Amino acid sequence: METEGARTDRLGLLLDQFDQARDMAQVRLTGLGDEEYLWEPVAGCWSIRRRGEAATPRAYGPGGWVLDKGAPDIPANEYAEIARQAAGGMTVAKIAEDWSVSVERVEQILTHTGAPEPDEAPVSTIAWRLGHLHSCFAGQWEWSFGERRQEPKLLVDFTPSAALALERFWALIDRWRDSVAAVTDEQLDTVGFSQYPYGSDPDDPFIAVLAGANLEFIHHMAEIALLRDLWRARFTTPG
């Protein structure tokens, strides 16, 4: 791998990681069409839907299309994340607020008692993964570099057009990157520099928020890449 000119400062490492992931993702998303963007590989997928056709109880968005969001609970595949948050010092009350569940529900998960484990998080479409990422980065930009007042769930006008969604998404991602590049060392260490209300941002130094944002981008883009592979192979049968 090319290492000449690689930065070794804290912010530089995060920016280089983000830049590489962004470049790879943009190549991987080239040629995305509307049908593939909205493709539901199994029944019960989460996606974007017309407001009047939303199938999930907390679907959100400011316009005619909304992003699926289910009932407030914590899927079993996120239990390790709950344990990590608790080990990192988050209070049970803060974790419950973060996930929009009761304190009792968090305590059940941490002590492995009480209600049976819920179903795994549903499969989602490329439209959902991209919309979720867009919503998260738009909200974190607003509550880190913007006026820190707008409701994150109302910042992204979801669209059934893959081309339009990508155009808007990359513009937002570039704005995020430019703002992050101007952060000072003091701001990196500032707890609560980001006041994004849906997560632990207000309790974390900003460098931890940036590292988490990179991971969020990378893992969702990896999932999108897999969905693209499955789309290409959907009619392939062993020969």
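First, a term: buried means under 20% relative accessible area, exposed over 50%, partly exposed in between, with a 1.4 Å probe and protein chains only. This is a predicted model: local features need pLDDT of at least 70, side-chain atom pairs count only at pLDDT 80 or more, and totals for chains, interfaces and linings use all residues. Residues are numbered from 1 along each chain as its sequence is written, and side-chain values use heavy atoms, with hydrogens and water left out.

Now helix 7, residues 162-181. Helices here are DSSP runs (H or I, at least four residues), numbered from the N terminus. Which residues of helix 7 are buried? Ala-162, Ala-165, Leu-166, Phe-169, Trp-170, Leu-172, Ile-173, Trp-176, Ser-179 and Val-180. They pack against helix 1 (10-28), helix 2 (34-37), helix 6 (126-144) and helix 9 (206-232). Contact means heavy atoms within 4.5 Å.

Take helix 6. Its axis and that of helix 7 come within 10 Å and cross at roughly 35°. Axes are lines fitted to C-alpha atoms, for helices over the stretch in contact, with angles from 0 to 180 degrees between N-to-C directions. Helix 6 brings residues including Leu-133, Phe-137 and Trp-141; helix 7 brings, among them, Phe-169, Ile-173 and Trp-176.

On to the cysteines. A disulfide is a pair of cysteine sulfur atoms within 2.5 Å. The count is zero. Cys-45 is buried, at 3% relative accessible area. Cys-136 is buried too, at 16%.

Key. Helix = DSSP H or I, 4+ residues; strand = E, 2+ residues; numbered from the N terminus. Expected span 1.5 Å × (residues − 1).
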